[in-house]
Amino acid sequence: MPKTLCLLLFTFLAGLIRVTAQPSADPARVPNSEVVRVGVLPDGPYSWAQIRTDTTLAFGPADSLRPARARGYWLKLTLCNHRRRAEATELLVLPNLDNTLFFFDEEARAWRTRRAGVAVPTDRQRVKGPLPLWLPARATTTVYVRVRLSPRAALPAAIGLRVQLEPAAVARKTDDFFGTAWAVALAVLGVLLLTNLSAYFRSRDRATLYYICTQVGAVLYVTAFRGYFKVLFPTPVFSLLVLPDGRSYAYTLNNVLMHLSVVLLLTGFVQMTRAYLPTAARLPGLDVALRYALRGYCAFTAVVAAVNVGGFYLNYYTLLLDNLLVLGVILLLLFTTVAAYRQRLPLARTYLLANVLPLLCVAGVAVYHVIFGFDNNGNLLLPDLAIVSHALCFSAALSLRLQNLQRTLLATEQEARALALDIQEHELRHREIVLKNSHIQAALLEMQRRQQARDQHTQALSQDNEQHEATNQELREQLEANQRELASTTLYVTQKNALLAELKQQIRELSAQRPDQQPELAGIQSILQTNLYLDEDWAKFKLHFEQVHPRFFEELQARYPALTKNEQRLYCYFHIHLATKEIAALLNIDPASVRRAKTRLYKKIAAADQAAGRTPPPEPPLSVE
């Protein structure tokens with residue numbers, strides 16, 4: 001890294017020597033071209049044809065233009081070239097808001113026009129306003145210039161009129177000189193920017209990040225200071241101002257980027273100082289002052305930029321205060337660096353040495369602008385020296401800081417390795433103890449596991465027993481309830497059939513006693529007979545029976561499919577051990593018929609079992625009661 005910085009410093013100095021060695025114009029020599037006479041005519045408005053042909057239009061001498069009289073003026077300039085050969089010149093007319101040059105082209109034998117000025121959107125010159133003009137050898141040339149005073153501009157009551165003629169070679173050499181200085185500074189900044197970007201992505205150091213911020217601001221600053229953003233972005237023009245001496249100013253995107261670059265530079269200076277030196281912990285008072293100074297300047301710049309963009313050119317009036325604020329922030333940074341050095345903060349001496357030259361150069365730029373103003377058209381080497389010296393010195397400081405961090409990190413790693421060895425020894429001892437404890441714990445856990453398994457098994461058996469007992473109790477209760485319901489249903493059917501049989505007997509007797517009412521009594525007897533064979537009582541009985549003996553009829557049908565429904569009903573009554581009289585009452589037949597039906601039923605069942613190879617069920621005894 002130091003070799004790279006030395007190479008960059010050598011490149012920058014070589015570039016400065018190269019541009020400084022270029023020949024410049026001798027201000028003491030006699031000019032070859034000069035302005036002989038200036039005639040002024042307020043615009044009527046007049047067309048170019050009238051100006052060229054109307055001899056009644058009188059151009060008179062004047063040293064100022066008055067906007068109240070006219071918003072445009074025509075100038076008739078008589079120029080003389082004393083040289084033996086034709087010369088390329090640049091004509092500058094102040095005020096230079098919007099000037100149009102009318103000149104006669106000897107080769108094309110026709111009048112041509114050129115337009116330039118700070119308010120002209122097509123003027124892409126670094127320094128707006130000069131009008132290129134070719135003067136023939138040893139001749140006097142007459143040209144016309146139309147001066148427009150834009151209504152958007154803030155104009156004084158009287159504007160000084162100035163006409164300047166400069167050889168184009170001199171202007172071109174000046175542009176080449178400062179263009180080369182700008183290119184050399186940009187190359188140095190670009191190399192350092194790429195180098196520190198890679199360093200930041202490796203280390204993620206905040207100081208390096210803010211240094212990159214200052215480099216970006218430096219690139220914007222030197223480009224805007226030279227006016228190259230006017231070449232790239234000639235529009236928009238936000239606000240205009242004309243001074244009484246004729247100087248014209250326009251607030252464009254170049255000025256916006258100039259303000260932004262100064263904000264980025266100061267932000268990088270301040271934040272890098274706070275990150276490089278632990279000011280928040282070691283110098284809290286100065287840390288607060290730096291933060292508020294930066295915020296104050298940023299707020300001031302934002303207000304000024306907003307007013308200028310809004311249409312009022314405030315930049316000229318705030319320039320002095322702007323540079324004083326920058327100078328104050330720079331002095332505060334120098335004071336903070338000296339205070340850190342006096343308190344012997346880490347790397348404070350290195351940072352102070354890296355700060356002195358760049359900050360003094362930046363302060364020199366601010367002082368120059370305070371004393372001499374800003375009208376140098378970017379033809380000043382001090383900003384390049386300030387920017388490049390800052391980039392080189394701070395890059396060296398960051399390199400030393402990273403080296404110091406690497407040494408600290410290496411020492412920390414060595415301590416960490418030694419500590420790791422101690423930790424490994426303690427871990428080995430700890431593992432031995434843990435291993436013994438694990439064996440003991442494993443034995444205890446196995447005993448606990450077996451005891452828990454026995455307890456769980458005993459508890460599960462107890463729960464199963466309790467659950468079985470509860471289930472059996474529920475089944476017993478349900479069985480008793482179903483049996484009570486079945487008995488109740490059986491009793492009800494028996495009583496109902498007995499009652500119907502008695503009513504039937506009484507109707508027979510009544511029919512014998514009253515032959516005249518025999519048809520009506522016969523109808524009632526038929527109804528009673530029908531009720532004796534209703535299936536509703538049987539369905540109710542069957543429902544309760546199946547609740548006590550689930551799937552009884554399904555299994556009976558599957559075992560003896562030849563049984564009729566009446567036989568199934570009779571088998572059901574036999575299965576629950578009903579008496580012969582009860583069955584006779586339920587079926588409304590006499591007890592002898594019940595016995596005969598039982599004999600036929602069991603013979604049929606025995607035949608079916610014998611055919612299927614099964615043992616027939618025992619025939620239950622019949623109870624007479």
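Reader: How is the numbering done, and what kind of model is it?

Author: Residues count from 1 along each chain as its sequence is written, and side-chain values use heavy atoms, without hydrogens or water. The model is predicted, so local features need pLDDT of at least 70 and side-chain atom pairs pLDDT 80 or more, while totals for chains, interfaces and linings use all residues.

Reader: OK, back to β8. How many bridges join β3 to β8?

Author: Ten, between residues 72-81 (β3) and residues 139-148 (β8), and the two strands run antiparallel. Two strands pair if DSSP finds at least two bridges between them.

Reader: What order do the strands of that sheet come in?

Author: β1-β3-β8-β5-β6, an open sheet of five strands with antiparallel pairing. β1 (33-42) and β6 (110-116) each have a single partner strand, so one side of each has no neighbour in the sheet. From one strand to the next the twist averages 25°; this is an angle on the 0 to 180 degrees scale, between the N-to-C directions of axes fitted to C-alpha atoms, for helices over the stretch in contact.

Reader: And at the β6 end, how many bridges join β5 to β6?

Author: Seven, again antiparallel. Phe103 has Arg112 in β6 as its bridge partner. The hairpin of β5 and β6 has four residues between the strands, and there Arg109 takes a positive phi near 50°.

Reader: Different topic. How many salt bridges does the structure hold?

Author: The structure holds 15, each being a Lys or Arg side-chain nitrogen within 4 Å of a carboxyl oxygen of Asp or Glu. One of them joins Asp43 and Arg146, at 2.9 Å from N to O. Asp43 is in the loop between β1 and α2 (48-53) and Arg146 is in strand β8, so this pair ties together parts 103 residues apart in sequence.

Reader: Asp43, buried or exposed?

Author: Buried, at 16% relative accessibility. The cut-offs are under 20% relative accessible area for buried, over 50% for exposed and partly exposed in between, with a 1.4 Å probe and protein chains only.

Reader: What does Arg115 form a salt bridge with?

Author: Arg115 pairs with Asp98, and their closest N and O atoms are 2.6 Å apart. Arg115 is in strand β6 and Asp98 in strand β5 (residues 98-105), 17 residues apart. Arg115 is partly exposed at 43%, whereas Asp98 is buried at 9%.

Reader: And what about Asp609? Which residue is the partner?

Author: Arg614, with 3.1 Å between the closest N and O atoms. Asp609 is buried, its relative accessible area being 0%; Arg614 is partly exposed, at 28%.

Reader: Which residues are linked in a network of salt bridges?

Author: Arg274, Asp287 and Arg291.

Reader: Now the helices. How do the axes of α8 and α9 cross?

Author: The axes of α8 (residues 284-309) and α9 (residues 315-342) come within 11 Å and cross at roughly 165°. The two helices are therefore roughly antiparallel to each other; that label needs an angle over 145 degrees, while under 35 is roughly parallel, 65 to 115 roughly perpendicular and the rest oblique. The crossing of α8 and α9 is left-handed, meaning that the near helix is turned anticlockwise from the far one by less than a right angle (clockwise would be right-handed).

Reader: Which residues does the "transmembrane region" annotation cover?

Author: The unreviewed UniProt entry puts it at residues 177-197, 209-229, 249-271, 292-314, 320-340 and 352-374. Positions follow the numbering used here, feature names are shortened, and an annotation may be inferred rather than shown by experiment. In the model, residues 209-229 are 95% helix and 0% strand, with end C-alpha atoms 26 Å apart. For residues 292-314 the figures are 78% helix, 0% strand and 24 Å.

Reader: One more: which face of β7 is covered?

Author: In strand β7 (residues 131-135) the covered face has Leu131, Leu133 and Leu135, and the uncovered one has Pro132 and Trp134. Five bridges join β7 to strand β4 (residues 87-94), antiparallel, and Thr89 has Leu133 as its bridge partner.
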